[in-house]
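User: Could you take a close look at one part of this model for me? I'd like to know where it sits and how it is put together.

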Amino acid sequence: MPEYRPDSPVLADIASHWKSAYVHVPFCRRRCPYCDFAIVDESIGSSLSHAEYVDALVAEIAMETDFGPLDAINFGGGTPSRLTPEQLGIVIAALRDQFGLNDDAELSLEVNPEDWSEEFGSGLVDVGFTRVSIGAQSFDQDVLQALGRQHTYEMIQNAVEGARRCGISSVGIDLIFGHPAESSKSWDSTVDHAMQLDLDHISTYSLTVEPGTELSRSISNGAPGPDDDIQADRYERFEKLALGQGFVRYEISNHARSGHVCRYNLATWAHGEYVAFGIGAHDHRWGTRARNHVRPDRYIDDIHSGSRPRLAIEHLTATEQERDRLMVGLRLAAGTPLTATAQRFAVSLEGRRFIEAGILKIDSGRITVTEPMMSDAVIREALSISSSDDGKEGQQ
Ligand code: SF4
């Protein structure tokens with residue numbers, strides 16, 4: 001494949017046909033105060049062993065048919081680096097046997113810095129990983145502590161340099177901005193540190209307050225929470241420096257150097273199909289969205305009884321699929337094709353207001369949000385307008 005810029009519309013359209021697999025690894029040493037993901041918090045004990053979970057994943061993969069070959073495999077979590085390279089390799093082999101892998105397929109893994117060692121890195125290369133995303137989050141020790149993270153700046157640097165040394169082709173980090181413990185100076189320092197590392201990809205996420213988390217409870221009890229304006233400033237500061245250093249924004253939260261776009265990310269936002277395995281995993285294929293059980297015991301019970309561990313399956317109408325494509329595609333710098341649903345939004349009162357303000361652009365058969373920090377507002381309006389179409393479709 002030729003090397004496209006990460007924000008190329010041609011690349012986004014190619015990605016919409018990629019087929020991916022997501023594998024959820026739920027184990028975490030302990031739950032971070034802001035996290036509401038489907039995880040197994042090992043600090044409070046777990047009856048589910050890593051080996052038992054790997055066996056369950058292999059069994060679940062064998063139940064999925066008629067998909068592939070795969071262009072991308074992504075291990076997310078939880079903390080996928082809690083598994084050994086050998087255990088990850090067993091899951092990769094099961095995916096390869098079941099679906100096939102294209103020659104240039106991307107194999108990516110989220111890694112927590114404290115799990116990195118030279119041996120771990122070379123094990124990842126041996127089983128075929130081409131990309132790692134290291135969960136740095138911040139380079140300020142006070143912010144890391146407030147986020148409940150257990151690593152140090154030195155561990156992040158060690159993981160990035162180690163990943164380079166062992167020959168992983170794309171090395172990236174994740175950052176979180178906007179925690180009340182983070183000052184403007186500390187964010188600037190984090191961004192400066194990130195720019196000094198030899199990185200191909202950076203994901204940046206604003207801290208969000210999820211109901212039921214420790215963070216949410218402490219804010220209810222009077223602790224300060226994240227501030228939208230401050231988060232917008234932090235994002236702009238990061239983006240300015242990242243663009244100046246040769247990174248290209250291809251999705252609101254993702255910047256890459258040319259040749260290092262994350263296939264799995266791009267395919268997901270371009271509305272490509274993906275199968276997903278593991279506790280709490282969601283997949284999207286053939287106009288169906290399905291979710292697995294979040295409770296480990298329910299997931300394992302279903303696997304042992306030979307059935308897919310589904311919590312819910314939703315069959316989407318053609319209109320709902322088009323709406324989904326618009327919702328995810330508006331996050332992409334390349335935008336998304338101007339389908340009938342997108343067109344209806346563009347000519348609505350709200351759509352025209354965004355266009356007049358220069359926030360939404362229609363060009364060459366695509367619809368694109370030009371201001372990344374406005375994406376959520378645009379997507380909310382697009383969703384409300386396209387949702388009102390569902391009733392009309394039902395009446396016809
Ligand atoms: S390491 Fe990641 S998945 Fe695990 S608890 Fe922390 S934020 Fe959640």
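Analyst: Let's take domain 2. Domain 2 covers 317-396 and domain 1 covers 9-269, with the bounds coming from an automatic or database domain assignment. Keep in mind that this is a predicted model, where local features need pLDDT of at least 70 and side-chain atom pairs count only at pLDDT 80 or more, while totals for chains, interfaces and linings use all residues. Residue numbers start from 1 along each chain as its sequence is written.

Now for the place where the domains meet. Eleven residues of domain 2 are in contact with nine residues of domain 1 (C-beta atoms, placed from the backbone, within 7 Å). On the domain 1 side, helix H1 (9-15), helix H9 (228-244) and strand S9 (248-251) each give two or more residues; helices (H or I, at least four residues) and strands (E, at least two) are DSSP runs, numbered from the N terminus. S9 provides the largest share of that side, three residues. What does that side look like by class? It has seven nonpolar residues, two charged ones and no polar ones (Ala, Val, Leu, Ile, Met, Phe, Trp, Tyr, Cys and Pro are nonpolar; Asp, Glu, Lys and Arg are charged; the others, Gly among them, are polar).

Three strands make an open, antiparallel sheet, and the order across it is S15-S17-S16 (strands pair if DSSP finds at least two bridges between them). S15 (336-337) and S16 (360-363) are the edge strands, each pairing on one side only. S17 (residues 366-369) is joined to S15 by two bridges, with the strands running antiparallel; here Thr 336 has Ile 367 of S17 as its bridge partner. The pairing of S17 with S16 is also antiparallel and has four bridges, and in S17 it is Thr 368 that stands opposite Lys 361.

If you follow the chain from S16 into S17, you go through a hairpin with two residues between the strands. Ser 364 in this hairpin takes a positive phi near 50 degrees. For comparison, most residues other than glycine have a negative phi.

Next, the helices. Two packed helices are described by the angle between their axes and the distance between the axes. For helix H13 (residues 340-347) and helix H14 (residues 349-356), the angle is about 75 degrees and the axes are 4 Å apart (axes are lines fitted to C-alpha atoms over the stretch in contact, and angles run from 0 to 180 degrees between N-to-C directions). That makes H13 roughly perpendicular to H14, a label that covers 65 to 115 degrees.

Which residues make the contact? H13 brings Phe 345, Ala 346 and Val 347, and H14 answers with Gly 351, Arg 352 and Ile 355. By class, the contact of H13 with H14 has four nonpolar residues, one polar and one charged.

So much for the pieces; here is how to find them on screen. Begin at S15 (336-337) on one edge of the sheet, then look for H13 at residues 340-347 and H14 at residues 349-356.

Key: Two residues are in contact if their C-beta atoms, placed from the backbone, lie within 7 Å. Angles under 35 degrees count as roughly parallel, over 145 as roughly antiparallel, 65 to 115 as roughly perpendicular and the rest as oblique.
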